[in-house]
Amino acid sequence: MFPPLAAAGLKDLLLFFCGRRRLLKIQGDSMLPHLESEDRILINPRITPRTGDVVVAWHPSKPDLRLIKRLRGMESNGMILLGDNPSASTDSRQLGPIPTALMIGVAVSRLKRSPTTSSATRSHQ
């Protein structure tokens, strides 16, 4: 099993404010139990992903949609990206290998939700 994404530290936040990290919000349940809908993650667009990393890539046929999945392997024609929750994920099982040119970055940390936000969000679902 994969370890949870580390909580964002001071270094990650400083790099975000310097423009070296990007902030993204999770939408959907494809990465449960590691990432929940409405979680926020910081990604580093400058590092090379390794197998097991959570990565963000552009959808191969929907240019405005990003995929947040786990890198399960590399093939000659692209990356094998799979969601941690197969029943709620559209990934390489349906899309095939994702071209490496569509990679946006590697998730490096997760921002904690405040308890007030978490409970308020859950009460509206």
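The structure contains an open sheet of six strands in the order 1-2-6-3-4-5, with antiparallel pairing. Strands here are DSSP runs of E of at least two residues, and helices are runs of H or I of at least four residues, both numbered from the N terminus; two strands pair if DSSP finds at least two bridges between them. This is a predicted model, in which local features need pLDDT of at least 70 and side-chain atom pairs count only at pLDDT 80 or more, whereas totals for chains, interfaces and linings use all residues. Residues are numbered from 1 along each chain as its sequence is written, and side-chain values use heavy atoms, with hydrogens and water left out.

At the edges of the sheet stand strand 1 (22-25) and strand 5 (78-82); each has a single partner strand, so one side of each is left without a neighbour in the sheet. From one strand to the next the twist averages 50°, where axes are lines fitted to C-alpha atoms, for helices over the stretch in contact, and angles run from 0 to 180 degrees between N-to-C directions. Strands of a sheet pair through backbone hydrogen bonds, either parallel or antiparallel.

Within the sheet, strand 3 and strand 6 pair in the antiparallel sense over three bridges, and Val55 has Val106 in strand 6 as its bridge partner. Strand 4 (residues 66-75) is joined to strand 5 by five bridges, again antiparallel, and Gly73 stands opposite Ile80 in strand 5. Strand 4 and strand 5 form a hairpin with two residues between them. Strand 5 is mostly covered, since five of its five residues are buried; buried means under 20% relative accessible area, exposed over 50%, and partly exposed in between, with a 1.4 Å probe and protein chains only.

The largest nonpolar core has eleven residues in all: Leu24, Ile26, Met31, Leu35, Ile41, Ile43, Val54, Val56, Ile68, Ile104 and Ala107. Such a core is a set of buried Ala, Val, Leu, Ile, Met, Phe, Trp, Tyr and Cys residues joined through side-chain atoms within 4.5 Å. Two or more residues of this core come from each of strand 2 (40-44), strand 3 (54-58) and strand 6 (103-111). Apart from it lies another core, of eight residues, among them Ala57, Leu67, Leu81 and Ile98. In soluble globular proteins, nonpolar side chains tend to be buried together. Ala107 touches Leu5, Ile41, Leu42, Ile43 and Val54, not counting residues up to four places away in sequence; contact means heavy atoms within 4.5 Å.

Two loop residues come next. Ser89, in the loop between strand 5 and helix 2, is buried, with a relative accessible area of 6%. The side chain of Ser89 makes a polar contact of 3.0 Å with the side chain of Lys69. A polar contact is a pair of N or O atoms within 3.5 Å; within protein, one must be able to donate a hydrogen and the other to accept it, and residues adjacent in sequence count only if both atoms are side-chain atoms. Pro97 lies in the loop between helix 2 (92-95) and strand 6 and is partly exposed, at 26% relative accessibility. Pro97 and Pro60 are 37 residues apart in sequence and 9.4 Å apart in space, C-alpha to C-alpha.
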